[in-house]
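Morning, everyone. Here is the structure I want to walk through today.

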Amino acid sequence: MSKHVIIIGGGVIGLSAAEACLKRGHRVTVVDRQPQQRSGCSFGNAGMVVPSHFIPLAAPGMVALGFKWMWNPESPFYIKPRLDLDLVSWGIKFMQAATRAHVEAASPVLRDLNLASRELYLQYAAEGEDFGLVTKGLLMLCKTQHGLDEEAAVAAKANALGVPAEVLDAAGTAKVDPTITMDVAGSVWFPKDCHMSPEKFIAVLERRILAAGGTFRWSTEVTGWKKEGGKLVAIQTPAGDLEADEFVLCGGAWSDDLVRDLGLKIPMQAGKGYSLTHPAPVELPTVCSVLTEARVAVTPMGDSLRVGGTMEISGKQEKIEPRRVAGILKALPAYFPKFKPSDFDGIQPWQGFRPCSPDGMPYLGRTQAASNLTVATGHSMMGLSLGPESGRLAAVLVDRERPEHDLALLSPDRFA
């Protein structure tokens, strides 16, 4: 039976959910607080699809690493100390989740969702959609032998999980991508990983949604909910109420604020990331990479090169922190010696807020807060990677079907 579905959020998760609901015969309205010409987290990211990233952010060692990095203004990870009860509560939950048992339970779930999403990206490409998809894998570049040894341990876990990974020395790394000069001890190559242009993929989804009869309500902020009994009947906006049969929350870093009035607790912190895109780099790799020790992502996009990184938890302040950007640019020449930080002079940095749950897992499922609300948010640094499959699963949940994946670890009620 056809329903009217309102999707709250026009990022990659929301748009993927919208298209999946349209394919199932539903009437869909996407509501977003931003204008159509926007630049949120789904746009300036590294554009990677990463089955290799099966270890959640909340993992053993991350707490100690976070404390170590906190005092360095150019470090990859920073939490700005502030009197904020939500931040304190989030931090306590993060520390509780950063266990080996949590990683072992979460890894197969993240693996399956990433691989399923990868298949959907391949389907889009097979249908003739051009969003710059490149399926040459990803190199985890290691500057030091110590770093390579640590990544080799991750590679062993990946292979045990069925995610192919190969440990390479410097010469082997150069064979995977001979188009760029590297100064590394070695790497781990994940051949199943991919990269693309996220902006192009968002444009593909918007076009397909419109072609299928979906509608958009841009510059429309959700200010509240109308609820009758245990069921939502409408969202409230400055332009009036919008009624629907089903609602899907894909509000990114703003999701937790949107559902407070419903009594739904989905702890979230905005993890600010930065990127710079050089239109004519001195060298252009053909394979995307992560500079392991520096936690910097490097992605070729057509003739351009995007360099991005940092996880800055400092609230939703839309402000560029020059020292964070300097840290990214300082790392690049250490691995790619033909580059220098001044190459990026005059290039405006992008910043966006990743929606980070305290246990590093998305919120994906129905909730007891309202019988017709599905939550699909909190994907942290894997929003693009998990987008199509998360959207497809949201549509499955809208139809009250049993999902193929076990989503127990992703329950939006897990912190209730």
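Which residue in E9 does Val 31 stand opposite? Val 31 faces Arg 217. Keep in mind that this is a predicted model.

Now the strands around that pair. Val 31 belongs to strand E2, residues 27-31. E2 and E9 run parallel, and three bridges join them. In general, strands of a sheet pair through backbone hydrogen bonds, either parallel or antiparallel.

Next, the whole sheet. It is open, with six strands. Read the order across: E9-E2-E1-E13-E20-E19. The pairing is mixed. Who stands at the edges? Strand E9, 215-217, and strand E19, 363-367. Each has a single partner strand, so one side of each has no neighbour in the sheet. From one strand to the next, the twist averages 20°.

On to the helices. Helix H1, residues 12-23, lies across E1, E2, E9 and E20. H1 runs at about 170° to E2. Helix H10, residues 383-398, packs on the sheet too. H10 touches E1, E13, E19 and E20. Its direction makes about 5° with that of E19.

Last topic: cysteines. A disulfide is a covalent bond between the sulfur atoms of two cysteines. For Cys 194, the nearest cysteine sulfur is that of Cys 288, 8.1 Å away. Cys 194 counts as buried, at 2% relative accessibility. For Cys 356, the nearest is the sulfur of Cys 41, 8.3 Å away. Cys 356 is buried as well, with a relative accessible area of 1%.

Notes: Residues are numbered from 1 along each chain as its sequence is written. This is a predicted model: local features need pLDDT of at least 70, side-chain atom pairs count only at pLDDT 80 or more; totals for chains, interfaces and linings use all residues. Side-chain values use heavy atoms; hydrogens and water are left out. A disulfide is a pair of cysteine sulfur atoms within 2.5 Å. Buried means under 20% relative accessible area, exposed over 50%, partly exposed in between (1.4 Å probe, protein chains only). Two strands pair if DSSP finds at least two bridges between them. Helices (H or I, at least four residues) and strands (E, at least two) are DSSP runs, numbered from the N terminus. Axes are lines fitted to C-alpha atoms, for helices over the stretch in contact, and angles run from 0 to 180 degrees between N-to-C directions. Contact means heavy atoms within 4.5 Å.
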